[in-house]
Amino acid sequence: MAAVNFNLNQLSPQGRWRRILLFAIIPLLCTFTYYAYGTALFSNRFAPLPYTQANAPPNVSSSMATVIRELYQPILLPITAQNFTDEDGDVYQLPGEPRFKKPLGKKVLILDIDSRPLNGTGQLMNKEKMEWHSMRPLSAGMLSHYMFAKIHGYDYKFIRAPDYADRWGTWVKVPMMKEALKTHEIIVFMDSDVMFHYPHVPLEWLLNYWNITAETLVAMAIDPDESQNYDSRGNRLVNTGFVIAQQSKRTQEMYKAWGECPLETRYENCSKWKFDWAHEQAAFGNYIRYDFDRPEDIKVLPCVEANGAPEANHRGGCRGVFVRHFWIDKQLPLKALTDTVMQYFVPRLHAQYHEESANHVVDAKGFKLVGADVVEKTEEEKNEDSESKNQKEVP
């Protein structure tokens with residue numbers, strides 16, 4: 001019987017995913033390059049930081065935007081979806097009629113704030129090419145914030161804040177959030193070790209789920225039920241590492257009171273929190289929330305949904321279903337960034353593989369190997385194989 005030759009490189013795959021895989025997805029997985037905006041942040045006083053990427057292809061910005069859209073847009077959760085099922089099979093139901101029914105777009109600001117230069121190896125503002133293996137964990141957190149904004153069409157800003165001369169560095173977030181609320185209806189501030197776990201779940205859906213009303217000033221997650229997380233009145237602190245704030249005159253008043261708290265013009269003994277832990281968080285918990293105490297002023301989010309991570313589940317069940325705060329281990333944002341890409345990329349890649357399988361999968365089971373030749377089996381040999389297979393399947 002004559003040998004039968006066949007070519008394993010039949011019909012190479014075509015289409016847009018080929019182009020994405022070849023020219024864009026590798027940079028997405030390896031670097032998530034950050035590009036600063038070319039316009040002022042909030043006014044001419046807040047100029048953007050100059051930033052250029054060495055050796056970047058001229059069209060990398062547009063191609064990265066295409067990758068992000070292609071990867072997440074087909075699986076976005078509708079803003080008005082009545083429920084969401086997480087990766088553990090738990091179902092989260094909207095409490096009622098959704099307030100937000102259309103995308104908010106640039107009315108939302110995803111905000112990073114830091115007073116440090118962050119220009120060392122693997123840090124966000126370093127102008128050199130960022131390598132995955134040398135990326136600093138907190139850079140991964142901030143890049144995830146940028147990616148989340150790009151997925152949903154929100155605005156994104158990184159503010160390099162001026163330093164306070166008289167207090168701990170984390171206090172700078174207060175006046176910077178106050179400033180941002182002058183130009184955006186809703187801001188979402190996150191510490192660099194905080195990440196949205198499901199990037200395809202829009203903020204609008206979370207606002208509906210957490211019942212953020214028109215009267216809500218800020219929303220923050222409660223801290224774990226541990227002794228160090230209680231204020232002077234015996235109530236648990238809320239965590240200021242993740243803050244949703246809404247623009248209003250009353251919100252501006254609240255942030256002013258918060259930022260001026262250590263001056264003690266309004267709150268006695270607040271200067272203690274200039275340097276004592278937990279700094280601005282303790283000031284908010286011990287003073288501000290008791291002054292701004294209308295029923296809808298401050299929305300306290302469950303620790304299980306908006307604080308902690310699975311690794312901290314033993315600490316009050318704070319496993320961060322929707323928003324993860326990695327205070328349990330500052331190295332975890334690197335793994336989390338990988339998860340937020342790969343858990344969506346791999347199923348899409350696998351589906352694409354099967355969609356084009358007729359072009360690249362060759363079934364050679366109808367042949368046999370004779371020496372160095374591939375020889376087609378006779379009908380009798382094929383029937384024997386079939387009978388043998390059937391016999392094995394019988395219990």
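K299 sits in strand 9, which covers residues 298-301. Keep in mind as you look at it that the model is predicted. Is K299 buried or exposed? With a relative accessible area of 15%, K299 is buried, because the cut-off for that label is under 20%.

Setting aside neighbours within four places in sequence, the contacts of K299 are W210, N211, I212, T216, V218, A219 and M220.

## An exposed aspartate in a loop

For a contrasting case, turn to D225, found in the loop that links strand 7 (218-222) to strand 8. D225 has a relative accessible area of 52%, so it counts as exposed, the cut-off being over 50%.

Beyond residues up to four places away in sequence, D225 touches Y230 and R236. A further residue to look at here is R315: it is 90 residues from D225 in sequence, yet their C-alpha atoms are 7.5 Å apart in space.

## Helix 3 against helix 9

Two packed helices are described by the angle between their axes and the distance between the axes. For helix 3 (residues 137-152) and helix 9 (residues 332-355), the axes come within 7 Å and cross at roughly 35°.

Which residues meet here? Helix 3 brings P137, A140, G141, S144 and M147, while helix 9 brings P333, L334, L337, T340 and V341. By class, this contact has 7 nonpolar and 3 polar residues, with no charged ones.

## The largest pocket

Rolling a probe the size of a water molecule over the atoms shows where empty space is left. In this model the largest pocket has about 800 Å³ of space. It is lined by 34 residues, of which T170, K173, D191, D193 and K330 are the closest to its centre.

Which elements give two or more residues to that lining? They are strand 3 (108-114), helix 3, strand 5 (186-190), strand 8 (238-246) and helix 7 (279-291). Sorted by class, the lining has 11 nonpolar, 12 polar and 11 charged residues.

Key
Residues numbered from 1 in each chain as written. Predicted model: local features only at pLDDT ≥ 70, side-chain atom pairs only at ≥ 80, totals over all residues. Heavy atoms only, no water. Helix = DSSP H or I, 4+ residues; strand = E, 2+ residues; numbered from the N terminus. Buried < 20%, exposed > 50% of the residue type's maximum accessible area, 1.4 Å probe, protein only. Contact = heavy atoms within 4.5 Å. Axes fitted to C-alpha atoms, helices over the stretch in contact; angles between N-to-C directions. Nonpolar A, V, L, I, M, F, W, Y, C, P; charged D, E, K, R; others polar. 1 Å grid on protein atoms, 1.4 Å probe; cavity = no way out; pocket = protein on both sides within 12 Å on 5 of 7 lines; lining within 4 Å. Points joined across faces, edges and corners; volume = space filled by probe spheres on them.
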